[in-house]
Amino acid sequence: MRKLLFIVPLLGLSGCMTTEELTQVDEQQNNELEIAAQVMQACEEVEHDSETCQIAQEGTIPITHPVDEINHPIETVPELIDHPEEVQQITNLWSRIASQLAFEVPDDKRVKVQQDWYLKHPKYMDRVSKRAAPFLFLIVEELEKRKLPMELALLPIVESAFDPFAYSHGRAAGMWQFVPETGKRFGLHQSWWYDGRRDVLASTQAAMDYLVYLNKMFDGDWLHALAAYNSGEGRVARAIKSNKRKGKNTDFWSLDLPRETRAYVPKLLALANILKNADTWDAKWLPIENRQVTGVVDVGSQIDLALAADLAGLSVKELHALNPGYNRWATDPKGPHTLLLPLEKVDSFMIALNDLDESKRLNWVRHQVKSGDSLLKLAQKYHTSVDVIQQVNEMKGNMIRAGDHLLIPVALKSQDYYSLSAEQRLAETQSKPRASYQLSHQVKSGDTLWDLSRKYDVNVRNLAKWNGMAPTDPLMPGKKLVIWVNKVSSTQSDNAIMRTVTYTVRNGDSLARIAGKFKVGVDDLTRWNQLNAKKHLQPGQKLKVHVDVTRI
């Protein structure tokens with residue numbers, strides 16, 4: 001299922017990219033061509049004909065869904081029932097949307113191509129409906145309140161398949177696929193604790209703000225606005241200006257735009273046409289009940305998500321599925337502190353929260369500073385951030401002294417309990433077996449995914465995927481990457497019996513001596529442990545060694 005989700009015709013380029021970001025994207029064209037080739041190969045491995053695969057990938061860069069299907073606690077998909085049309089419009093949210101669709105859908109090949117794809121893949125739309133169920137009513141209500149086109153309710157299908165954890169090329173994240181800079185521009189707070197791009201309510205409001213801005217910029221032309229949401233207002237404005245200068249039409253269909261954008265608007269129009277004429281196409285999207293199913297609660301201050309889940313009668317995974325904006329084990333100390341809960345849980349949650357002593361919202365440890373401690377080390381140890389430790393202990397700088405005591409907020413449960421937090425999603429992604437052996441690499445200044453893919457003889461797209469990244473993401477020094485290989489050494493024979501051991505360096509040891517002891521190459525030993533061959537080993541240092549037991 002995950003492979004199919006990965007290759008469906010979704011938009012990899014964020015709808016919210018600036019001109020500067022697009023320039024950077026252009027510089028990665030060679031990488032994108034490699035990605036496209038791999039996507040096509042993956043597409044042909046599943047049960048689709050090659051022509052459909054080619055059509056599906058036209059103008060797209062795939063989105064990564066970094067976690068398995070999420071089971072949210074909202075049961076909103078009723079059984080398929082053959083209601084009269086007037087009843088359907090009341091009970092089925094898709095019918096409510098269909099009744100308000102107003103965009104003209106032209107008889108255009110680009111629309112037909114996308115329409116055919118969606119019609120040939122009803123199971124894909126079933127998955128979309130299940131993901132959309134907790135959130136679609138909120139989106140429809142917001143569109144109606146703002147008197148915006150109802151077609152925009154379908155935009156998260158094109159952007160992310162309604163997956164708030166989706167992550168794509170260009171560092172775009174969330175259901176509406178904002179890149180960091182555009183997210184900040186439209187008020188989406190992003191910190192170590194929280195990412196508003198994945199917060200369904202916040203990102204929905206920001207997306208509508210951005211779309212309203214674009215519509216006004218392009219004199220009320222919604223197709224131009226949508227194209228700009230995808231590729232940036234600067235690029236669309238330049239394409240319009242170029243056509244005017246050449247005496248050409250300036251409607252969307254006449255503009256010289258990137259292939260991703262040329263396919264983007266037709267995708268939305270195709271979905272709208274299918275939904276509006278569902279009987280004609282015999283398209284049966286899983287119904288979503290036309291009623292409010294969630295409520296928003298402001299808890300007022302930082303709270304452990306495991307505690308909040310207990311108060312709401314939910315698992316942490318269920319709570320996080322509805323509140324994907326929270327990166328860690330608690331809400332951001334600086335806010336927001338809002339939680340989206342199943343509607344039937346709101347009242348009991350508020351009663352339990354009001355009965356809770358304020359001091360019990362977080363768990364605390366009193367840490368005595370030891371020699372070698374630093375705020376950064378302590379933040380990593382206790383899964384918090386430096387600024388939180390500073391704030392709690394009223395510190396103005398980073399200086400700490402051995403013997404001092406610090407009060408540090410810590411998670412109520414073990415970290416693996418917060419299974420949808422950013423840390424745990426990355427850990428799950430990195431630990432998933434992809435080949436026979438797992439190597440690790442700590443990023444150094446100047447490293448790039450492309451260089452590392454050559455160093456370890458792996459595919460750059462795979463390297464990015466193993467580490468929950470997009471192939472063009474920058475690497476931050478200190479970040480730990482995993483690399484999966486079928487052979488740990490070029491000299492490894494096909495019938496080798498390999499074991500991984502941890503060796504503790506002793507006095508007098510050298511790389512050559514250790515390599516000889518285990519009958520491995522010095523180059524392999526330095527590569528496995530990211531060592532500098534010119535530096536001396538230190539007694540007590542731990543080394544990972546991949547040993548062929550048939551040779552020793």
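What we have here is a predicted model, in which local features need pLDDT of at least 70, side-chain atom pairs count only at pLDDT 80 or more, and totals for chains, interfaces and linings use all residues. Residues are numbered from 1 along each chain as its sequence is written, and side-chain values use heavy atoms, with hydrogens and water left out.

Let me start with Gln 177, which sits in the loop between β3 (172–173) and α11 (180–185), where helices (H or I, at least four residues) and strands (E, at least two) are DSSP runs numbered from the N terminus. Is Gln 177 buried or exposed? Its relative accessibility is 0%, so Gln 177 counts as buried, a word that stands for under 20% relative accessible area, while exposed stands for over 50% and partly exposed for what lies in between (1.4 Å probe, protein chains only). A polar atom of the Gln 177 side chain lies 2.8 Å from the backbone oxygen of Gly 174, and one also lies 3.3 Å from the backbone oxygen of Ala 166.

Now to helix α19, residues 346–355, in which Val 346, Phe 349 and Leu 353 are buried. Seen down the axis, the buried residues of α19 fall within an arc of 60°, so they line one face of the helix; the arc is taken from the directions from the helix axis to the C-beta atoms. On the other side of α19, Asp 347, Ile 351, Asn 354 and Asp 355 are exposed.

Finally, the lining of the largest pocket has 18 nonpolar, 13 polar and 10 charged residues, where Ala, Val, Leu, Ile, Met, Phe, Trp, Tyr, Cys and Pro count as nonpolar, Asp, Glu, Lys and Arg as charged, and the others, Gly among them, as polar.

Definitions and conventions: A polar contact is a pair of N or O atoms within 3.5 Å; within protein, one must be able to donate a hydrogen and the other to accept it, and residues adjacent in sequence count only if both atoms are side-chain atoms.
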